[in-house]
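Dear colleague,

I am handing over the structure below, and my notes on it follow. Please read them alongside the coordinates.

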Amino acid sequence: MNNLPTIEVQELDENLNVVTVTVTPHYFLDENDALCIDGEHGDNLIDYYGEYRGGYPYIDPALEALATKLGGYWEWRNSGSIVFCEA
């Protein structure tokens with residue numbers, strides 16, 4: 001998928017220092033060939049339960065911007081992934 005952005009995120013390094021790293025979202029196509037972002041790789045781009053975001057579901061703003069650019073939005077496919085839906 002050529003349209004996926006690289007996204008800067010904050011994480012802890014081996015010395016427990018906060019560092020900025022660039023990640024590309026892990027994705028797959030579902031049974032209907034819809035684009036899905038997999039949130040089970042520890043990159044914190046999506047968080048259904050909001051454990052690290054004050055208890056509210058979270059989708060990284062860069063992914064939200066991508067969905068808007070493509071003329072759609074994200075829906076939760078399950079607690080570990082989101083699926084792109086056309087508006």
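Is Glu 31 buried or exposed? At 63% relative accessibility, Glu 31 counts as exposed, where buried means under 20% relative accessible area, exposed over 50% and partly exposed in between (1.4 Å probe, protein chains only).

This is a predicted model, in which local features need pLDDT of at least 70 and side-chain atom pairs count only at pLDDT 80 or more, while totals for chains, interfaces and linings use all residues. Residues are numbered from 1 along each chain as its sequence is written, and side-chain values use heavy atoms, with hydrogens and water left out.

The structure holds 1 salt bridge, a term that stands for a side-chain nitrogen of Lys or Arg within 4 Å of a carboxyl oxygen of Asp or Glu. In this bridge the side chain of Glu 31 meets that of Arg 77 at 3.4 Å, N to O. The pair links distant parts of the chain, 46 residues apart, with Arg 77 in strand E7 (residues 72-78) and Glu 31 in the loop between strand E3 (26-29) and E4; strands (E, at least two residues) and helices (H or I, at least four) are DSSP runs, numbered from the N terminus. Arg 77 is partly exposed, with a relative accessible area of 36%.

Best regards
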